[in-house]
Amino acid sequence: MLGLDDCLIEVMAIPGALDAMLLDQTSGMAVAVSGSPQGVDTECSAAALTETLRATVDGLARSCPGDTVRIDDMLVTTDQGHHLLRLMETAFEGPLVIYVRLDLERSNLALARYRLQAISSSLLT
């Protein structure tokens with residue numbers, strides 16, 4: 001089982017990873033941060049990322065009435081990089097999210113998604 005700090009060390013070892021956060025999905029607060037870029041308010045960023053997730057789940061639920069909507073991961077690509085979020089249900093902390101920002105040129109999205117899945121499984125066991 002990985003600890004929270006070990007989790008972020010593993011995330012930052014993903015090729016092309018620029019920075020990462022572990023977010024509490026309920027409160028919108030950053031639980032742990034690694035490699036945060038200069039000038040970024042991590043608490044505001046964490047809150048905005050969790051609001052984005054809530055809006056996405058709400059939008060999907062409204063477009064698929066009667067269906068259960070459960071997001072495993074979410075990818076947003078911008079001109080500055082890839083932003084990958086992996087959602088997890090934990091027994092000890094409530095719902096957590098692993099967020100990683102990836103370099104546009106140096107990252108491999110398939111590998112990053114695979115590694116986040118493995119890391120989240122290790123954190124949950």
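Buried residues are those under 20% relative accessible area. The legends below refer to a predicted model.

View A. When residues up to four places away in sequence are not counted, Ser107 touches Pro15, Gly16, His82 and Leu102.

**View B. The largest nonpolar core, with 18 residues.** Val11, Ile14, Ile98, Val100 and Leu116 are the members that touch the most other members. At least two residues of this core come from each of helix H1 (4-12), strand E1 (17-24), strand E4 (81-90), E5 and H3. Apart from this core lies another, of 12 residues, including Met21, Leu23, Ala30 and Val97.

**View C. Contacts of Val11.** With neighbours within four places in sequence left aside, Val11 is in contact with Ala17, Ala20, Ile98, Val100, Leu116 and Ile119. Val11 is also one of the residues that touch the most other members of the largest nonpolar core.

**View D. Ile71 in the loop between helix H2 (42-63) and strand E3 (73-78).** Ile71 counts as buried because its relative accessibility is 12%. Its contacts, leaving aside neighbours within four places in sequence, are Thr56, Val57, Leu60 and Leu87. The C-alpha atom of Ile71 is separated by 8.5 Å from that of Arg86, and these two residues are 15 residues apart along the chain.

Notes: Residues numbered from 1 in each chain as written. Predicted model: local features only at pLDDT ≥ 70, side-chain atom pairs only at ≥ 80, totals over all residues. Heavy atoms only, no water. Contact = heavy atoms within 4.5 Å. Core = buried A, V, L, I, M, F, W, Y, C linked by side-chain atoms within 4.5 Å. Buried < 20%, exposed > 50% of the residue type's maximum accessible area, 1.4 Å probe, protein only. Helix = DSSP H or I, 4+ residues; strand = E, 2+ residues; numbered from the N terminus.
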